[in-house]
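Me: I would like to learn how to read a structure like this one, feature by feature. Could you walk me through it, starting with a single side chain?

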Amino acid sequence: MCVNCIRNEVDITEGIPKQVHIHFCRNCERYLQPPGVWVVAELESRELLTLCLKKLKGLNKVRLVDAGFIWTEPHSRRIKVKLTIQKEVFVNTILQQAFEVEYVVSTQQCDDCTRLAAQNTWKAAVQVRQKVEHKRTFLYLEQLILKHNAHKDTTNIRETKDGIDFYYGQRAHAIKMLEFLNAVVPIKYKTSEQLISTDIHTSVSNYKFTYSVEIMPICKDDLVCLPRKVASGLGNISPLLLCTRVSNSINLIDPNTLNTADINTTIYWRTPFLSLASSKSMTEYYVLDVEPLGPVKGRNVLADVHVARMSDFGHNDTEFIARSHLGAVLNPGDTVLGYDLSRSNFNNVEFDKLDRSGLPDVILVRKSYPQRRKKNKQRNWKLQQMGKEVSEMAPRKQDQQRIENDMEMFMRDIEEDPEFRSTINIFKNDKKVPQSVDHGAMTDGSDIEEEDFPEISLEEMMDEMKINQGSSDRPDLQHHVDEDVEMM
């Protein structure tokens, strides 16, 4: 027979369906790849063509020569693919034929979107709390989570008054978050479970797991008084110490001797203690003179610093001599923040056991830059924030002011500590936002600006990647997208 007769008699496309249904999730814009995998594929992409070919039955019996898309309207819910196949029909006779297959796009909600649309369908929750009066630790923790993408498996993130709640669809994802938290901050946690349902025939039970995480209530720049048992275990170090850094343990320093101590979670929770004072209790001092004493440990230089309260100018001539670890950064004329022990009254049992005659009047903590802070400067960098579930009730005015103050203090910590900001991602801010004015700064009208004001170089900033997420029919899914927020 001739070729035309063979083509009329034999149909090599027999057994290959000409119309196939594929499933598409409108919320996350993914296609179902049987048996239960949802994949992202753009229209007329290689991934979508592969998915379409896998849906065709009978292709394993022929040889596929070519495959390509035929243009259709994007809103038509139809995808047409032109296929060219070959098959041996008789001995040494190979027939080639081209035909079209139409794919009907049916909408179906994927498991992840179904879980998000329903209420209370989470399997595990991680509740992170810290009993302090500010949220600077959570701001730092949020940046660490964003940098390491540790929140990718969450189904919801909810901010509470004292912390953050993370919700997961699988218990393994919650345990993974616990391991991450244990590696970056000092924590302890408790586990609880709630029975949801039980199948008496198969003895299969459904549980919800809750992990209650408590972060150590000691933050950077806090003044602490160690219990005698803990101080003796650290080489009889002085009980009155400053916290210089918080990671998976807390780093403390004695400003009188430059001795340092590292307290891990095991030591702390065996004998817990609270901070005597936090950064909100610090007083501003003016540096009159700096006398280095010689000892140097890393970037810390021991010195006797002559200081006077900024509030005392024009009222009295009271001066203090404070032994400090800031001898390398302080110069006469600078401004420094510290704790005024001569006017403080601490409600602490361990502090009451100390000999008051041997305590310093002032403990200096860090250098301050009031002249630069009081001006309406603009930052050329910004941070990212996680998309969290927002409460329907707006925060009170005093709560909003407290949140802004905590953010400003956190931004200053980033500027003033290069080692601290090396652990997070900083992005360039093309659209600069005016910085809030520090009303607690000096108001003497001086235009002198500090020459050693810390600036973040362009080498430390990252270019921001902007992705067009498109419009969504589900506003409640917007918390999956990391929002780029310009901080003030």
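Reply: Happy to. Let's start with a polar contact: the side chains of R309 and D312 are joined by one of 2.9 Å. Keep in mind that this is a predicted model.

Me: Where is R309 placed, and is R309 buried or exposed?

Reply: R309 lies in strand β18, which covers residues 300-309. The cut-off for buried is under 20% relative accessible area, so R309, with a relative accessible area of 5%, is buried.

Me: Which residues is R309 in contact with, leaving aside its neighbours within four places in sequence?

Reply: With those neighbours set aside, R309 is in contact with E284, Y285, T318, F320, D340, S342 and R343.

Me: Let's turn to sheets. How do strands of a sheet pair?

Reply: The general idea is that strands pair through backbone hydrogen bonds, in either a parallel or an antiparallel way. One case here is an open sheet of six strands with mixed pairing, in the order β3-β2-β1-β6-β5-β4. Its edge strands, β3 (37-39) and β4 (63-70), each pair on one side only. On average, neighbouring strands of this sheet are turned by 35° against each other, with direction ignored.

Me: How many bridges join β4 to β5, and what stands opposite L64?

Reply: Seven bridges join β4 to β5 (residues 78-90), and the two strands run antiparallel. Opposite L64 you will find I85 in β5.

Me: How should I read a helix?

Reply: As a general idea, an α-helix has 3.6 residues a turn, so residues three or four places apart point the same way. Now take helix α4 (residues 136-148): its 13 residues reach 19 Å from the first C-alpha to the last, close to the 18 Å expected at 1.5 Å a residue.

Me: How many residues of α4 are buried, and what follows α4?

Reply: Helix α4 is mostly covered, with 11 of its 13 residues buried. Among them are F138, L139, Y140 and L141, and also R136, E142 and Q143. After α4 comes N149, which has a positive phi near 55°.

Me: How about a residue in a loop, such as E455?

Reply: E455 sits in the loop between β23 (427-434) and β24 (483-485). With exposed set at over 50% and buried at under 20%, E455 counts as partly exposed because its relative accessibility is 46%.

Me: Finally, how many disulfides does the structure hold?

Reply: It holds zero disulfides.

Methods
Residues numbered from 1 in each chain as written. Predicted model: local features only at pLDDT ≥ 70, side-chain atom pairs only at ≥ 80, totals over all residues. Heavy atoms only, no water. Pairing = 2+ DSSP bridges. Helix = DSSP H or I, 4+ residues; strand = E, 2+ residues; numbered from the N terminus. Axes fitted to C-alpha atoms, helices over the stretch in contact; angles between N-to-C directions. Buried < 20%, exposed > 50% of the residue type's maximum accessible area, 1.4 Å probe, protein only. Polar contact = N/O pair within 3.5 Å; in protein donor to acceptor, adjacent residues only side chain to side chain. Contact = heavy atoms within 4.5 Å. Expected span 1.5 Å × (residues − 1). Disulfide = S-S within 2.5 Å.
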